Amino acid sequence: MLVVRRLGTALPSVAGVIVVTFLLTRALPGDPAVYFAGIAATQEAVEQIRHQMGFDRSLPAQFLDYLGQLAHGDLGTSLTTGQPVLSELLTRLPASAELGLTALCLSVAIAVPLGVAAATRPGSLVDHACRIITTAGVSLPTFFTGLLLVYLFYYLAGWAPAPLGRLDVFSTAPPRWSGFYLIDSLVAHDLDAFRASLAQLILPVATLAIFSLAPLARITRAAMLAALGSEFVRTARASGLPRRRIVFVYAFRNAVLPVITTLGIVCSFLIGGSVLVEKVFAWPGIGSYAVEAMIASDYASVQGFVLMMALLYVLLNLCIDIVYGLVDPRVRLEA
Amino acid sequence: MKRRDFLKLTTATAAGGLTGAHIRPSRAQSRKDTLLIVSENGPNNLDVMGVGTNLQGSEASWNTYDRLMTYGVKKDANGNDHYDSDKFQPELAESWDLGDMSVTFKLRKDAKFHDGAAVTAKDVKWSLDRAVTVGGVPTFQMAAGSMQKPEQFVVVDDHTFRIDFLRKDRLTLPDLAVPTIGIFNSGLAKQHATDKDPWAMEWLKNNEAGSGAYQIEKWTPGQELVYRRFDEWKSGSLPKIQRVIWRMVPSPSNRRALIERGDADVSFDLPPKDVSELAEEKKLKVVGTPIDNCIVYIDMNVKTPPFDKLKVRQAIAYAIPYQKIMDAAMFGRGVPMFGGPAEVSAPVWPQPTPYVTDLAKAKQLLAEAGLADGFETTLSFDLGIAVTNEPICVLVQESLAQIGIKVALSKIPGANWRAELAKKTLPMVVNLFGGWLLTPEYFFFWNYHGQNSLFNTMSYQNPAMDKLINAARFEEDPQKYKEEIEGFISLAFADVPRIPLFDPFLDVAMQNNVTGYQYWFHRRLDYRPLAKT
């Protein structure tokens, strides 16, 4: 029931996104017809291309066209790569998702224990370490961390493979099953490909994890501090419950809600917003695709990207709501 | 997969991953026959006649398609291989016979397309018909060589093909050797043509139908292009490299790291600073060739006051910090186009202007123009090539401030750049123009002619200039031709609506074991002569 109701409330936002992206892409500076007509184009050539692209028609007519195409699942054709936008996004999404989700797992694995440890021993060495790591994490721009890691581990030490995207040049991609190379290579029993793709993942994942563990660790620490200072924890302590039980069952379970919210935000950022990291590591993800499309005023690709991201956000929020319900019975009761 | 197997597998690989981050690929056996190229961008279309095909698309086409003929190769001043615009060499045509108003080609009888079909005169006609019909760049390129109508292209027999001239044009033959005019497999293309798309533009965008030395094995737009050698290629000696992998690496520092570490064989589009450092270190082979018929310049819009005054334009030309630009923005990766002789004495382009940095003279000229207190203006540049444009503009800004001119810098995104140029309202711009065809009048026709094309950013219209350019285009008397060219160059320097700065280098960095690099006018890589020793 909750799921259906939540989906219902998401519909207006999706409709809004469709209208706004359509209008915003039309408001982008730059004239795609001039851009694609080439260096030596005459005025007639530009007009001809404008006509071919349908940009000489009125905005409402273009919008109706666009809606009609959407209804058929057609997101149009990218002008920069010449390929259908939908298929490009679908081939690129797993690349971003594999990178983002791996980074998310890594940063959760580090940030949550770190935050809990910092909160249970305020003012200790762990607490200071947590503060330093989070401050460094948010203040170092990802492209800088990425380039630094490449310089140290590839250029100087030679440990990491060349930053050439998802696979080194001489490996072949495993047959597509999920689009995640780590999973696909295991499905295909191709250990070489698994190792190669894992090796390619290490540096970009580390870059993203360093950036994303900061908000997670901070929120974990803050929420844990609040929970540990609350009355029910005091009562639990007074009742002589073991410390371990107090921290992990009573305090942590209550502190986990804001952490999940932050996790949702960080996750969507990691999938869609890791543009700079994708650029540095020549990662064929959707972030770098969207930026290139934006630079070329490539309407169809930008619209497709924003629409897909909006749908992803809606899905992600839905998942978070469901997890909320599992963690916190109050949410279920209110519903 | 059984659960137990899966667990074993995952623990084994996780252990493998953890024990060493040094899991570097060790598949070196195919390295010698494989060339790995890295550059910033790749092709957006495999069809060189397509709508909006970029320069990288020309590289793909150049290596996968053949043309009727090609240019020869000579040594340049630095001993590097350089295409020779004065010499034609057979490619698909074995020989040709240049008549008064037509040229007849004898086609190679053993040439085959990648699918095994023989190359015939029908294919040549289909391809040239396509170029003059589809509109856009290819049609314009054909018109530059006075090829405008399908009726000009005649199939005599299977292996004989004739082009009838509309008029005598010295660019007709050179035009047949540019990437735009590759020969398509018409039989294959027609299978994919539709009523709406008679020239198979859609299919050829993603598929190649050529007879060139390489065929495309795999193309992932924006990521990678992999070629395989076509072993039955007959239009030249068989290339040494069997496989070419072209990867797109957007970050310039990583392109540099890749080539320095020896992982990439050839790196294109490196910023001048990196190139000059690599060249100094001498660990790699770095070849920089001044781009033919190309300059980077500053334009002043003569329709916008105060640039309508000649003295103001001259003052600016004397206030440009030329040498600083060469040193601090270009790191020496260009040929200076300033400080030349006072009189134009050779019919060559580009050549240095007589201007040098002389702030006292600039101030005096500005005072004579009635603007002793200076003025305010805007200098615009293309953010797409901000690596060199931005430092150039900052240096110009600093220098002009010393003669009282306040310059605001305006950064225009790449997609917007041409549209802004087309409006002709920008008072000052930094830009670049390079012509594929070498003649000075070709450059001037696009840049200084009163037809006011997109590249005449200065909106310069002068009947005397137009007369000289028009005359030179179809001149047959060599002496007169020389005078006309020197005439329009002198006029361009005297009126100075445009201030040439330098002729940039086309820089390529490669491993020492890569041999056979040739500079081509299309500024992209020809894989065929390359080898790894």
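Mentor: A salt bridge here is a side-chain nitrogen of Lys or Arg within 4 Å of a carboxyl oxygen of Asp or Glu. Keep in mind that this is a predicted model.

Trainee: OK. How many salt bridges over all chains by this rule?

Mentor: The count comes to 34.

Trainee: Start with B:Arg67. Which residue does B:Arg67 form a salt bridge with?

Mentor: B:Glu91, and the closest N and O atoms are 3.4 Å apart. B:Arg67 sits in the loop between helix H2 and strand E2 of chain B, and B:Glu91 in the loop between strands E3 and E4, so the pair ties together parts that are 24 residues apart in sequence.

Trainee: Is B:Arg67 buried or exposed? And B:Glu91, buried or exposed?

Mentor: B:Arg67 is buried, with a relative accessible area of 0%. B:Glu91 is buried as well, at 3%.

Trainee: What about B:Lys168, which side chain does that one meet in a salt bridge?

Mentor: That of B:Asp100, at 3.0 Å from N to O. B:Lys168 is in the loop between E7 and H5 of chain B and B:Asp100 in the loop between E4 and E5, so this pair ties together parts that are 68 residues apart in sequence. B:Lys168 counts as partly exposed at 41% relative accessibility, while B:Asp100 counts as exposed at 56%.

Trainee: And B:Arg170, what is its partner?

Mentor: B:Glu441, with the closest N and O atoms 2.7 Å apart. The two residues are 271 residues apart: B:Arg170 lies in the loop between E7 and H5, and B:Glu441 in helix H15 of chain B. B:Arg170 is partly exposed at 34%, but B:Glu441 is buried at 4%. Elsewhere, salt bridges that share partners join B:Arg256, B:Glu260, B:Lys273, B:Asp274, B:Glu277 and B:Glu281 into one network.

Trainee: Switching to chain A. Which residues form the nonpolar patch on the surface?

Mentor: A:Leu140, A:Phe143, A:Phe144, A:Leu148, A:Tyr151, A:Leu152, A:Leu156 and A:Leu276, with about 700 Å² of accessible area together.

Trainee: Which helix gives the most to the patch?

Mentor: Helix H7 of chain A, residues 142–156, with six residues. A:Leu148 is found in that helix, and A:Leu148 counts as partly exposed at 38% relative accessibility.

Trainee: So what are the buried residues of H7(A)?

Mentor: A:Thr142, A:Thr145, A:Gly146, A:Leu149, A:Val150 and A:Tyr154. They pack against helices H9 and H12 of chain A together with helix H8 of chain B.

Trainee: Why would residues three or four places apart point the same way?

Mentor: An α-helix has 3.6 residues a turn, so residues at that spacing point the same way.

Trainee: Where does H7(A) bend?

Mentor: At A:Val150, by about 25°. H7(A) has 15 residues and reaches 20 Å from its first C-alpha to its last, close to the 21 Å expected. Just after the helix, A:Gly158 takes a positive phi of about 75°.

Trainee: Back to H8(B). What covers its buried residues?

Mentor: The cover includes H7 and H12 of chain A, together with strands E1, E11 and E18 and helix H9 of chain B. The buried residues of H8(B) are B:Asn254, B:Arg255, B:Arg256, B:Ala257, B:Leu258 and B:Ile259. Just after H8(B), B:Gly262 has a positive phi of about 85°.

Trainee: Last one: what does B:Gln518 touch?

Mentor: Not counting residues up to four places away in sequence, B:Gln518 touches B:Val73, B:Asp81, B:Asp526 and B:Pro529. B:Gln518 is in strand E20 of chain B and is buried, with a relative accessible area of 12%.

Technical notes:
Residues are numbered from 1 along each chain as its sequence is written. Chains are lettered from A and ligands numbered from 1 in the order in which they are written. This is a predicted model: local features need pLDDT of at least 70, side-chain atom pairs count only at pLDDT 80 or more; totals for chains, interfaces and linings use all residues. Side-chain values use heavy atoms; hydrogens and water are left out. Patches are made of residues with over 30% relative accessible area and no salt bridge: like charges are joined within 9 Å, nonpolar side chains (Val, Leu, Ile, Met, Phe, Trp, Tyr) within 5 Å. Accessible areas come from the Shrake-Rupley method with a 1.4 Å probe; for residues, only the protein chains shown count as cover. Helices (H or I, at least four residues) and strands (E, at least two) are DSSP runs, numbered from the N terminus. Buried means under 20% relative accessible area, exposed over 50%, partly exposed in between (1.4 Å probe, protein chains only). The expected span of a helix is 1.5 Å times one less than its number of residues. The bend at a residue is the angle between axes fitted to the seven residues ending there and the seven starting there. Contact means heavy atoms within 4.5 Å.
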